Amino acid sequence: MPTTESLLRSASILLLTSGEIEDFDAALAEWIGDSTDKAQRIAAVRRAAVDLAAQAKALAEEHAAVRKRHEATADRCGYLMTALLTTRRELGEGDKIPGVARMQKNGGKAPLVGLAEVDPNTLPDALCKIVRSPVADLVRAALLAGESIPGVSIGEVGESVRFE
């Protein structure tokens, strides 16, 4: 019987060399094959996959941090250019620097200033949207109390594997 270390090494190689998921499924089935240690092999592939996923996640987080830094720099440059062009306009120098940047109106509708601070209860019904939506806990309680709700029932609690 192979050692855990050799199974993990073999599982990692399998994951890295099997290609797309369709190819991997066939490679995994062949690797497990008629072995007497199927559970250990499945657990080893899962462990290797979890480890590789963690490495990929860490790398993605590093890339996301770099992307975020570059996006922040681009945004900061946008704010600086807006301030520069606004100041130029206020000084009567125009709000355009040929070949570099210019101010322009955004498309779409003008914003509604102050709407977020208005109490919706003070507005007429014609200006508001009224939404009915079921409350899952209340529906569950009604079903458990024996009420019949057409089209709704309580399903089975799900199951999952816990690797040790």
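**Helix packing in a predicted model**

Modeller: Helix α2 passes helix α3 in a right-handed crossing. The model is predicted. The two helices pack at an angle of about 145°, and their axes lie 10 Å apart.

Colleague: Which residues make the contact of α2 with α3?

Modeller: From α2 come Phe-24, Leu-28, Trp-31 and Ile-32, and from α3 come Lys-38, Arg-41, Ile-42 and Val-45. By class, this contact has six nonpolar, no polar and two charged residues.

Colleague: Why is α1 called roughly antiparallel to α2?

Modeller: Helix α1 (residues 4-17) and helix α2 (residues 21-32) pack at an angle of about 155°, with 10 Å between their axes. Angles over 145 degrees count as roughly antiparallel, and therefore α1 is given that description relative to α2. The crossing of this pair is right-handed.

Colleague: What makes up the contact of α1 with α2, by class?

Modeller: Leu-7, Ser-10, Ala-11, Leu-14 and Leu-15 of α1 meet Phe-24, Ala-27, Leu-28 and Trp-31 of α2. These residues divide into eight nonpolar, one polar and no charged.

Colleague: Which residues of α1 and α3 meet?

Modeller: Leu-7, Leu-8, Ala-11, Ser-12, Leu-14, Leu-15 and Leu-16 of α1 meet a set in α3 that includes Gln-40, Arg-41, Ala-44 and Leu-52. The contact of α1 with α3 has eleven nonpolar, two polar and two charged residues.

Colleague: How do you know that the span of α3 agrees with its number of residues?

Modeller: Helix α3 (residues 38-90) has 53 residues, which at 1.5 Å a residue should span 78 Å. The end C-alpha atoms are 76 Å apart, so the two values agree.

Colleague: What makes Arg-41 of α3 a buried residue?

Modeller: Buried means under 20% relative accessible area, and Arg-41 is classed as buried in α3, as are Ala-44, Val-45, Ala-48 and Leu-85. The buried residues of α3 pack against α1, α2, β1 (96-97) and β2 (101-102).

Conventions
Residues numbered from 1 in each chain as written. Predicted model: local features only at pLDDT ≥ 70, side-chain atom pairs only at ≥ 80, totals over all residues. Heavy atoms only, no water. Axes fitted to C-alpha atoms, helices over the stretch in contact; angles between N-to-C directions. Helix = DSSP H or I, 4+ residues; strand = E, 2+ residues; numbered from the N terminus. Parallel < 35°, antiparallel > 145°, perpendicular 65-115°, else oblique. Left-handed = near helix turned anticlockwise from the far one by under 90°. Contact = heavy atoms within 4.5 Å. Nonpolar A, V, L, I, M, F, W, Y, C, P; charged D, E, K, R; others polar. Expected span 1.5 Å × (residues − 1). Buried < 20%, exposed > 50% of the residue type's maximum accessible area, 1.4 Å probe, protein only.
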